[in-house]
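Hello,

Here is the structure I promised to hand over. Please open it alongside these notes.

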Amino acid sequence: MIIGYARTSTLDQTAGLEAQERDLQAAGCERIFVEQVSSVDMVARAKLAEALEFVRQGDTLVVTKLDRLARSVAHLMEILAKLDTKGASLRILGMGIDTATPTGKLMLTILGGVAEFERAIMLERQREGIAKAEGKYKGRKPTARAQADQVQRLKAEGLGASEIAEKLGIGRASVYRILAD
């Protein structure tokens, strides 16, 4: 039996959920488990647990994309272990991966690692953006402006912009900006 699993993170993502259901039906899914819950709250994913319980030997669990199923490699491996124990496989339509083959298992493990890395980077950027919006982000320290007094002193001693820049380890344009102020 081919079993589908569709998930969106929020209730207002109905178009995304409908698209997943349509793709799963086109893939021949005879039964589709649907839920609208964030993957961050792994405990509340009752329909995923129900789908994994429903799967029998020879069945295939189908999802449209990897991020609809698992957010970490550890969780993905846990799901794969449950499916393996039952003699079932996993197919991810968007990646063209089927764990019924050794190559499919290898590719899924590699791509799962990449997806987890990508998500961690995205969350890091999101945290930086939030900090920036709250005024907590300070940015890079201004190295040239911190040496404004030394630039002025060296200019007074008769050095040119290029010599000052080289001596202080800053850009020539920074020297000109400081001198213009």
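Below is what I found in it.

This is a predicted model: local features need pLDDT of at least 70, side-chain atom pairs count only at pLDDT 80 or more, and totals for chains, interfaces and linings use all residues. Residues are numbered from 1 along each chain as its sequence is written, and side-chain values use heavy atoms, without hydrogens and water.

**Cores.** A nonpolar core is a set of buried Ala, Val, Leu, Ile, Met, Phe, Trp, Tyr and Cys residues joined through side-chain atoms within 4.5 Å. Buried means under 20% relative accessible area, exposed over 50%, partly exposed in between (1.4 Å probe, protein chains only). The largest core has 21 residues; Leu-61, Leu-69, Leu-76, Leu-83, Leu-90 and Leu-108 touch the most other members. Strands S1 (2–8), S3 (60–63) and S4 (89–92) and helices H2 (46–54) and H3 (73–86) each supply at least two of its residues. H3 gives the largest share, four residues. Helices (H or I, at least four residues) and strands (E, at least two) are DSSP runs, numbered from the N terminus. Another core lies apart, with 11 residues, including Ala-144 and Ile-164.

**Thr-60.** This residue is in strand S3. Thr-60 is buried, at 10% relative accessible area. Its side chain makes a polar contact of 3.2 Å with that of Ser-89. Such a contact is a pair of N or O atoms within 3.5 Å; within protein, one must be able to donate a hydrogen and the other to accept it, and residues adjacent in sequence count only if both atoms are side-chain atoms.

Regards
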